[in-house]
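I have opened a new notebook for this structure, and you are welcome to read along.

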Amino acid sequence: MPEVSIGINTAHRLPDDLRITILENEDVLEQWNSLTPLARNEFICWVENAKIINTRKRRICRTSVELLEGKRRPCCWIGCVHRTDKPPSPSQEWALSKLKNN
């Protein structure tokens, strides 16, 4: 059975629904495994950050599409705000301040 890399030094574990989708297509799996651990973490965080199940499903589908297009990070994503190995960027600080106000 093919293996899906999750990497070390990431803030999120690979969720089962994303893992299944990645394993369904050998080209997607190859692209996923070619990502750095932190790039994989960005996709995982993007999927996990969805508040509505339909958004989550759409992001999982887009992960496959974007990987096949050669993208190395999710499109239009400020990045994982859960990492503890570096301070948040200014755009992440802005996003976090919006979350705190909700």
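**Entry 1: Cysteines**

I looked for disulfides (pairs of cysteine sulfur atoms within 2.5 Å), and the structure holds 0 of them. A note on what I am reading: this is a predicted model, where local features need pLDDT of at least 70 and side-chain atom pairs count only at pLDDT 80 or more, while totals for chains, interfaces and linings use all residues. Residues are numbered from 1 along each chain as its sequence is written, and side-chain values use heavy atoms, with hydrogens and water left out.

Cys45 has a relative accessible area of 2%, so I filed it as buried. Cys61, with 47%, is partly exposed. Cys76 reaches 75% and therefore counts as exposed.

**Entry 2: The overall layout**

I counted 5 helices and 0 strands in the chain. Both are DSSP runs numbered from the N terminus: helices are H or I with at least four residues, strands are E with at least two. Read from the N terminus, the elements go α-α-α-α-α.

The chain has 102 residues, and buried ones make up 35% of them. I then looked at contacts, meaning heavy atoms within 4.5 Å. Of the contacts between residues at least 6 apart in sequence, 62% join residues at least 24 apart.

**Entry 3: Helix against helix**

For the packing I used axes, which are lines fitted to C-alpha atoms (for helices, over the stretch in contact), with angles from 0 to 180 degrees between N-to-C directions. Angles under 35 degrees count as roughly parallel, over 145 as roughly antiparallel, 65 to 115 as roughly perpendicular, and the rest as oblique.

I began with helix 1 and helix 2, whose axes are 6 Å apart at an angle of about 120°. That angle makes helix 1 oblique to helix 2. Here Leu18, Ile22 and Leu23 of helix 1 meet Val28, Leu29 and Trp32 of helix 2. I sorted residues by class: Ala, Val, Leu, Ile, Met, Phe, Trp, Tyr, Cys and Pro are nonpolar, Asp, Glu, Lys and Arg are charged, and the others, Gly among them, are polar. The contact of helix 1 with helix 2 has 6 nonpolar, no polar and no charged residues.

How do the axes of helix 2 and helix 4 cross? They come within 9 Å and cross at roughly 80°, so helix 2 is roughly perpendicular to helix 4. Helix 2 brings Asp27, Val28, Gln31 and Trp32 to this contact, and helix 4 brings Thr63, Ser64, Leu67 and Leu68. By class, I noted 4 nonpolar, 3 polar and 1 charged for the contact of helix 2 with helix 4.

Helix 3 (residues 37–48) and helix 4 (residues 53–68) pack with axes 8 Å apart, at an angle of about 155°. They are therefore roughly antiparallel to each other. From helix 3, Phe43, Trp46, Val47 and Glu48 take part, meeting Arg56, Arg59, Ile60, Arg62, Thr63, Glu66 and Leu67 of helix 4. This contact of helix 3 with helix 4 divides into 5 nonpolar, 1 polar and 5 charged residues.

**Entry 4: The core**

In soluble globular proteins, nonpolar side chains tend to be buried together. I searched for nonpolar cores, meaning sets of buried Ala, Val, Leu, Ile, Met, Phe, Trp, Tyr and Cys residues joined through side-chain atoms within 4.5 Å. The largest has 15 residues, and Leu14, Leu18, Ile22 and Trp32 have the most contacts inside it. Helix 1 (16–23), helix 2 (26–34), helix 3 and helix 4 each supply at least two residues of this core. Helix 3 gives the largest share, 5 residues.

Which residues does Leu18 contact, leaving aside neighbours within four places in sequence? I found Trp32, Ile44, Val47, Ile60 and Thr63.

Glu66 lies in helix 4. Is Glu66 buried or exposed? At 3% relative accessibility, Glu66 counts as buried. Not counting residues up to four places away in sequence, Glu66 touches Phe43, Trp46, Lys71, Arg73, Pro74 and Cys75.

Cys76 sits in the loop between helix 4 and helix 5. Its C-alpha atom is 10.0 Å from that of Trp46, 30 residues apart along the chain. Ser89 is also found in the loop between helix 4 and helix 5 (90–101), and is partly exposed at 24% relative accessible area. From C-alpha to C-alpha, Ser89 and Ile78 are 8.8 Å apart, with 11 residues of sequence separation.

Technical notes. Buried means under 20% relative accessible area, exposed over 50%, partly exposed in between (1.4 Å probe, protein chains only).
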